[in-house]
Amino acid sequence: PRAMGFRLLVWFGRFLWLVGVTALAAWATGRVLSDRWQWSQYLLWIPSVLIVPGAVGAAAVGIALARLSRRESGVRTGLFRPFAAITALLGVVAVWTTLSVDLRFFSRAGEAPPPDQRLRVIHWNASDDIGVRWTQDILDLHPDLVVINPASNQPWGPIIQGMGEGATVMFLHGFTIISKPGVTLMGDISLRVEPGEGIDPRQKSGMTSRVDPGRAVWLQLDTRAQFGRSFVVWLLDLPSDVSLPRRQVTEEAARAIAESDSRPRVPKGQGGFEPGEGARRGFPPPDLVIGDMNIPRGSASLERLTGGLRNAYDQAGHGFVATWPSRSPMWHLDQAFIGSGYRATAYAALDLGGGTHRGQLVDVALHSPR
C-alpha cells in the first residue's frame, strides 16, 4: 500500500506537469502566432499574469512530486528527466517575457518634460454607468485634451468649465472632445467593419443585436506653443464583437480610413462645424492614435492600423496595466500609439469611479525638446 501511494503521487505529479506544460505551450503559441489567425487570437488573449505563474507553478510542483516519490514507488523516471529540464527552460523564458515585456519590470521612466512642453491626453471609453466622481478626478490631472466615449446625457458643464474658457468642445460621432489647444481641422467616418455573430461578454446573455461598424475621428490641434507645429490625433473605437477576427477588423478599418473622402471641417461652437478648405483622401498621418481597440496590447493585427507608431506603454508604461473590465481589469484594450517625431513620457490606466473600461493617460513630448 505504501508503494502504491507513492506510485499514485508520481503519476499525479506527472499529470500536474502535463497540465502546466500544456498551458505554457498554449500561451507560447499565442505569443508566437499572435492574432494572425482567428483561432490563435484566443490563445493570445490568455492573460500572462494569470497563466504563466499558474502553469509554471503546476509544472514545478508536478516535477517535485514525481522526483520525491520515485524511489519509493518503483516507477522509472529516467525518460522524464529531459522533459523536466526543457520545462524549466520554458518556464524561465515565460517568466522573463512576462516581467520584461508584459510588465516592463526592468524599465525606468524617462525624464519628464516641463508641462508647457508636453501634451497630456486623457481618453476614457466610459460606455455606461459613468458615475459622478470622474469630473474632478480628470481635472486634477490637468489634461490638455479629454476624450470620453460615448457621448451621452452627462453633466458636461463642470468639466467644460474646468478646462477653461478657450477650450474647444465637440460632441462628435459618439465622442465628447474637450481640447485646450485649438482644433483647427477635423473629420470623422464610420469604419464600416462587417458585423460578426454579435458575441458580447458585457451582456448578460452574452450576445447583442447592436451593429457596431466602428468609428474614427481625426483632429488637427494647434500645438505650436508646446511643439512649434500642429499635432494630429486619431480617435478610434473598434468593434467589440468577440467573434470577429481581429486581423480582419484592423484591415477593414485601415481600408476605410485610407479610402475615406475626409472633407476637413472647422469646429464652430459646441457641436457646430463649417467646411474647411480643400478636400483630402484619407486621414492625415497621425502623431497620436488613441482609443478603444478592443484588441490586447502586443497583437500583430494592430500593426495594420497603426503602422510604425510605437505603443505608449512600451515607451513609458510600467507594471501591470489593463483597462477592461473596469472593476477587475485583465486586458489592456484601450491603447495609445505615438508617432516617430514624439515620445510618450508617461502612461497609466485610470480608475475614474465608473464606466465599463478604465481610462488612459498619456503624456506626449518631442523627441528632442526645444
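This is a predicted model: local features need pLDDT of at least 70, side-chain atom pairs count only at pLDDT 80 or more; totals for chains, interfaces and linings use all residues.

Student: How much space lies in the largest pocket?
Tutor: About 620 Å³. The lining has 31 residues, and D102, P296, R297, G298 and S299 are the closest to the pocket's centre.

Student: What's the lining like by class?
Tutor: 16 residues are nonpolar, nine are polar and six are charged.

Student: Switching to helix α8. What should its 14 residues span?
Tutor: At 1.5 Å a residue, α8 (residues 246–259) should span 20 Å. The C-alpha atoms at its ends are 20 Å apart, so the two agree.

Student: Which residues of α8 are buried?
Tutor: R246, V249, T250, E252, A253, A254, A256 and I257.

Student: And what do those pack against?
Tutor: α2 (38–44), β5 (183–190), β7 (231–237) and α9.

Student: Now the largest nonpolar core. Which residues touch the most other members?
Tutor: L219, F231, L235 and V362, out of 31 residues in that core. Apart from it lies another core, of 24 residues, with V249, A253, L302 and L309 among them.

Student: Back to L235. What is it in contact with, leaving aside neighbours within four places in sequence?
Tutor: V147, F175, I177, R215, A216, V217, L219 and I290.

Definitions and conventions: Residues are numbered from 1 along each chain as its sequence is written. Side-chain values use heavy atoms; hydrogens and water are left out. A nonpolar core is a set of buried Ala, Val, Leu, Ile, Met, Phe, Trp, Tyr and Cys residues joined through side-chain atoms within 4.5 Å. Buried means under 20% relative accessible area, exposed over 50%, partly exposed in between (1.4 Å probe, protein chains only). Contact means heavy atoms within 4.5 Å. On a 1 Å grid over the protein atoms alone, a cavity is a set of points where a 1.4 Å probe fits but cannot get out, and a pocket is an open set with protein on both sides within 12 Å along at least five of seven lines; lining residues have an atom within 4 Å of a point. Grid points are joined across faces, edges and corners, and a volume is the space filled by probe spheres set on the points. Ala, Val, Leu, Ile, Met, Phe, Trp, Tyr, Cys and Pro count as nonpolar, Asp, Glu, Lys and Arg as charged, and the others, Gly among them, as polar. Helices (H or I, at least four residues) and strands (E, at least two) are DSSP runs, numbered from the N terminus. The expected span of a helix is 1.5 Å times one less than its number of residues.
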